[in-house]
Amino acid sequence: MPDVKLVNVTKTFAKGRIVAVDHIDLHVRNGEYLTLLGPSGCGKTTTLRMIAGLIEPDEGMIYIGDKLVTGLPPEDRDIGYVFQQYALFPHMDVWDNVTYGPTVKAWIEEKRDRIGREMLEMVKLYDRSDAVPRELSGGMMQRVALARALAAGARLLLLDEPLGALDAKIRFELRYELRKLVNDLGLTAVHVTHDQGEAMAISDRIALMKKGKILQVGTPQELYMKPKHVFVANFIGESNFLEGYVVETDDRGCIIELRGGLIAHAIDKTRRKGERVVLAIRPETLSIEKGHKKVLNGLPGYIERFRFEGTDVRYEVTLKNEDTIVIVRPALMGEWINEGESVTARFSPDKSYLFTYPTAGLRRELALE
Ligand SMILES: Nc1ncnc2c1ncn2[C@@H]1O[C@H](COP(=O)(O)OP(=O)(O)O)[C@@H](O)[C@H]1O
Ligand SMILES: [Mg+2]
């Protein structure tokens, strides 16, 4: 199970007009399940294809284990690759698909058959060895693709939206199977997805990308609890963003004047008086009560919209300053409040984050492309 290092890797297309990957550094540790997460077009597939050797970087170096692989063809990199579209040979049965690698490598028959059987048992499809791809469901085909990717003995597994074409329920099941398999076999995996739920559920760590750059690398919890960037706070989970200025600082934190004179307390001690900031508050950390109450970090407003969403209820609250925030509460806790009612939305200073107001503007910084 090798580690993978990307050092200052850049890839452009269209004679340099499209910067797909922009000077990224990344270390995927030994035995780690790492996900490249980000909106469509941010450079995830390009990064994965460079690790695989399907395309070469313009600049920078890639190491697999201790070996510098930049310039080496894919077959010399010892990797397994799984695509979103089950790239199986349509005219070959499951057995021939899975043992294709060992066959090409001219392994002795006994070894080939043992590996073929092991891999198919691992993905629970040994009894379907004779089936051809079109006789299988999407989930089964993707399991075969996985077995095939691993049959040639690769210790590094690269997966590009491997669950993207599957129905929700199968996708959820396969997430956990995939994760378990990579653990059990002691592989290193790099998984590409634009689905944050998938990334959160499956990864040891996530590298969050935007426009060819990596904004933050960390465990799912770190990205959720300690986002380093407004984009991260928005892309991982959900956040309300309120703009304001720091009007007071003391040894406990600072006081922010939001638009329309609303006041908020934050525990951030790094701010200067007069600084323009964005306060980010997660919808699930806000409480809501009827009426306008004068309480710490209580924001007065009224309910613009109420939605029952199954396990949660969702309020859109228009604040006194005309900003709108979202509040999510567990459906079975407390009474529901009707649309049109005056309320106080309250948040805890230690469950909100401050960011410096982005120079490009907030909207621009949060945009997906
Ligand atoms: N072969 C190519 N030729 C030209 N542009 C490309 C090519 N491959 C990718 N791109 C562009 O590079 C950017 C990153 O693409 P990609 O890595 O596929 O993103 P993602 O996988 O995150 O959706 C996009 O703007 C895409 O249009
Ligand atoms: Mg892609």
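Predicted model: local features only at pLDDT ≥ 70, side-chain atom pairs only at ≥ 80, totals over all residues.
Residues are numbered from 1 along each chain as its sequence is written, and chains are lettered from A and ligands numbered from 1 in the order in which they are written. Local features need pLDDT of at least 70, side-chain atom pairs count only at pLDDT 80 or more, and totals for chains, interfaces and linings use all residues, while side-chain values use heavy atoms, with hydrogens and water left out.

The protein chain divides into domain 1 (4-234) and domain 2 (239-366), with bounds from an automatic or database domain assignment. Their centres, taken over C-alpha atoms, are 39 Å apart. Eleven residues of domain 1 are in contact with twelve residues of domain 2, where contact means heavy atoms within 4.5 Å. The two domains bury about 1,000 Å² between them, 52% of it on carbon and sulfur atoms; buried area is the accessible area (1.4 Å probe) that two parts lose on being put together, summed over both. Of the area that domain 1 buries against domain 2, Tyr224, Val230 and Ala233 supply 52%, more than any other three residues.

Turning to the ligand, the residues surrounding ligand 1 include Phe13, Ile18, Pro39, Gly41, Lys44, Thr45 and Thr46, each having a heavy atom within 4 Å of the molecule. Helix 1 gives the most to this shell, with three residues; helices (H or I, at least four residues) are DSSP runs, numbered from the N terminus.

Oxygen atoms of ligand 1 lie 2.7 Å from a polar backbone atom of Gly41, 2.8 Å from an N or O atom in the side chain of Thr45, and 2.5 Å from a polar side-chain atom of Thr46. A polar contact is a pair of N or O atoms within 3.5 Å; within protein, one must be able to donate a hydrogen and the other to accept it, and residues adjacent in sequence count only if both atoms are side-chain atoms.

Terms used:
Helix = DSSP H or I, 4+ residues; strand = E, 2+ residues; numbered from the N terminus.
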